[in-house]
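Have the sequence and the 3D view open as you read.

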Amino acid sequence: MSFFKELKERNVVKVGAIYAITGWLVIQVASTVFPQFGIPDWAGRLVTLLIALGFPIALVMAWALELTPEGIKRAESSVGEKRMWSISIVLALIAIAWFEFGTPGQGTGVEDAAPKSIAVLPFVDLSPEQDQEWFTDGLTEEVLNSLARTPDLLVSSRTSSFSYKNSEKPLTVIADELGVAHVLEGSVRRVGDKIRVTSQLIRAKDGFHLWSENIDGDASDIIEIQERVATEIARAMDTAMDPKALEEMMAAGTRSVRAYELYLKANAVREAAFVSGELSLNRDILDYLKQAVEEDPTFPAAWQALASYWFGSLELTRQGLRTVTESYEERRENFAEAINMAIQHARNPVDRLDYEYTRALVLRDWRTALEKLRAYMAERPNDQENCGNLGTMAVRLSDQAVAREAIAICQKQTETGVEPAETAATMIIFAHRAGIHEFTLPMYEKYKKDIRKKVTTSYQYHRALLWAGELEAATELYPLLRNPNYTYRHIPMMRQACAEGRRADAEAVFEKLQEQDNDANSITARWLAFMMLGEEDKAEAIVSEFDTPELADLQTAWLLYPQFDPKPHPYLMEILERNQVTRSPVRAETFRCPPADGQLEEDAE
C-alpha cells in the first residue's frame, strides 16, 4: 500500500481537515469574545499557539491509533511510519513558525503600536457619478481632526493617512508603516441630497471589526454625521469622553451646512493644487473660504484656513506665485483679520492658544509665540506638530536649550506615538539647523527604508547628512533626488557635487537652475547656490533687498539657515534684538565647493 493511500485510509486527511476548521473557528471566537470581557491579548495568543501545536499531534494520533469495536488500538503500520514521524516534526516546526511570524500582527510591528492609536484612511467615493471626491476627502479630514482633539488618542497625520489613498496594501501593512494599532476606513455614497456613510474601525493585529455602521441622512445632516462617526469611534476605543472632550472633538465649529461644504471644497482644491502644482487653483481656495465665512462669520476653522492662506502669501518661497495679486500690506491686513476672527470665535481655549501662537509668530513676537506654543502643548501633548513647531522656534530664537527640549519631545513621539519615521525626519530638519548632528546618522540607519519612500523626506535627510559630514550615507539617497521629474533637484545635485569636490559640475547645474526664474523657490535656491559656490557677495545682494519693515517676513525665513549672517541687515537685527535673540555663530556648509582657480589667486593676493 502506498504511503498516501494509507494516509487516506487511516483518516489522517479527514482528521487534519476537521482539526484545521475547528481550530480556526476557536481562534475567531476567542479574538471576538476575549476583548469584550477584558481578557488580555496574551490569552488569545496562547489559544492560537496551543491550537497550532496540537495540529501535528492530532495527525500523529490519527496515524498511530484507530477506533475499533473493542476500543482505541494502536494501528499496525504497513509503510511509512518513520516518514510520518518526520512529516509530523516538520509540521510542528511549521506551526511554531507560523505562530511566531505569520499570525496577524506578529512580526509586523503592529503589536508595538500604542493601544489607543489610529489612522483614518481616505473614505471612498461610491457615488454613481464618482464626482464627490471633494466631499469624501473633506469628511475624512474632519473626522481625523475631531479624533486628533481627543486627549488620550494618538492620530496619524492627514499627510500620512492620505498617502495611502487608493492603496491596495493590506490594512496590517498600512498600520505597521504608520505605527498605529487601529485603522478606520469607509465610503460615502451621495445621490442628490441623500447620503450614506459606511465606516468601520478595525484592529490591525487581527483584522477584528471593533465597530461598523451605516449612517443614512440628507446633505443637511452631514455635520451631525461627521460628529457621530468621530464620537462612536472614540467610544469604541474607550477614550476620555467627558463633556469637555466631546466638545473639543467637534472640529469644524459651524452649524451651517453650506459654509461647511464650501470649507470642504477649499480643502479639496488646496490638496489638488499641492499635488498638481497648478498655482491658478490658489485663487479658488481663497474664493471658497471667503464664501464660507460670508455664510457663517463665526466659523473658526474657515477663518483659520484663511489665515493660513495669507500666512503662506507672506513667506519667501511663495513670492513666485503669480496668483497673489494683493500688495504686501494688504496680505498682512488680511492675515490679521482672519487670525483675529479665528481667535475670537474659537470653540475652546486650546484651539485659541493654537491661533494665538500663529498670530504671535507672524507678528514676529517670538517670545510670546513660544509661550503660547508651550501652553498649547501642555493641553495637547499628543499633537504630532509639537515636535516640529517647537524645533522651529528653537532655530528662530537660536536657543540650544529649546532645541534639546524639542528633540526630547520628538524622541518620545518616535517611541510612543504614530509615524515614527516622519517624526524622526522632522527632528533631523531643525536639529541640524541648530548645529546638533549626533542623531542624524542613527535616525537615517533606523528609518532608511521609510525615508526612501518619499523624495521630500529624502531631500531633508540628504541635506542633514551632508551637514553632519556623512557623505557615504548621503550618496545612498542621491539617486532619488536627481530624478528629472523632481522640481527641486538642482540644489541637492549641487550639494552632492560640491561635497565630492566637483565644482565644475555644480556650476553646470547652477546654470540650469537660473533658467527657472518662475520657480517659487528660485530666490532662496539662488541664494543657497551662491553660498555653496563661496560667492557670498552675490548671495548677500539677494537678501539685502528684503531688509525693510514691509518685507521683513520674507527676510526672517533666512534665519533658519545656519550659514546665514544677519549682521549686515539692520532691520533684521532690530527684530532679533526685540526678541532678545543672540544669534549663534555662522557655520559655513561642510560641503561647500572648493574654490575656483581664480578665487585661489585672489585669496593669495
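This is a predicted model: local features need pLDDT of at least 70, side-chain atom pairs count only at pLDDT 80 or more; totals for chains, interfaces and linings use all residues.

Residues are numbered from 1 along each chain as its sequence is written, and side-chain values use heavy atoms, with hydrogens and water left out.

## The overall picture

The protein chain has 29 helices and eight strands. Here, helices (H or I, at least four residues) and strands (E, at least two) are DSSP runs, numbered from the N terminus. Of the chain's 605 residues, 49% are buried. Buried means under 20% relative accessible area, exposed means over 50%, and partly exposed is in between, using a 1.4 Å probe and protein chains only. As for contacts (heavy atoms within 4.5 Å), take those between residues at least 6 apart in sequence: 64% of them join residues at least 24 apart.

## Two disulfides

How many disulfides does the structure hold? There are two, a disulfide being a pair of cysteine sulfur atoms within 2.5 Å. Number the bonded cysteines of the protein chain in sequence order and the pairing reads 1-2, 3-4.

Start with Cys387 and Cys410, whose sulfur atoms sit 1.8 Å apart. The torsion about their S-S bond is about 90°, so this disulfide is right-handed. Cys387 belongs to helix α16 (residues 385–397) and Cys410 to helix α17 (residues 400–416), so the pair ties together parts that are 23 residues apart in sequence. Both Cys387 and Cys410 are buried.

The other link joins Cys498 to Cys593, with an S to S distance of 2.0 Å. Its torsion about the S-S bond is -85°, and the link of Cys498 and Cys593 is left-handed. Cys498 lies in helix α23 (residues 490–499), while Cys593 is in the loop between α28 (570–578) and α29 (597–604), so this pair ties together parts that are 95 residues apart in sequence. Cys498 and Cys593 are both buried.

## Helices side by side

Now for some helix pairs. Axes are lines fitted to C-alpha atoms, for helices over the stretch in contact, and angles run from 0 to 180 degrees between N-to-C directions. Angles under 35 degrees count as roughly parallel, over 145 as roughly antiparallel, 65 to 115 as roughly perpendicular and the rest as oblique. A crossing is left-handed if the near helix is turned anticlockwise from the far one by less than a right angle, and right-handed if clockwise.

| Helix pair | Axes come within | Crossing angle |
|---|---|---|
| α13 (residues 328–344) and α14 (residues 349–362) | 9 Å | roughly 160° |
| α5 (residues 133–148) and α8 (residues 222–236) | 9 Å | roughly 45° |
| α17 and α18 (residues 420–433) | 8 Å | roughly 165° |

With that angle, α13 and α14 are roughly antiparallel to each other, and their crossing is left-handed. The contact of α13 with α14 splits into six nonpolar, three polar and four charged residues. In these classes, Ala, Val, Leu, Ile, Met, Phe, Trp, Tyr, Cys and Pro count as nonpolar, Asp, Glu, Lys and Arg as charged, and the others, Gly among them, as polar.

For α5 and α8, the crossing is right-handed. Their contact includes Phe135 and Leu139 of α5, along with Ile222 and Val229 of α8. By class, the contact of α5 with α8 has nine nonpolar, two polar and one charged.

The contact of α17 with α18 has nine nonpolar, four polar and no charged residues.

Is Gln413 buried or exposed? At 6% relative accessibility, Gln413 counts as buried. Not counting residues up to four places away in sequence, Gln413 touches several residues, including Cys387 and Thr423.

What covers the buried residues of α23 includes α21 (455–467), α22 (471–481), α24 (503–514) and α25 (522–532). After α23 comes Gly501, with a positive phi near 80°.
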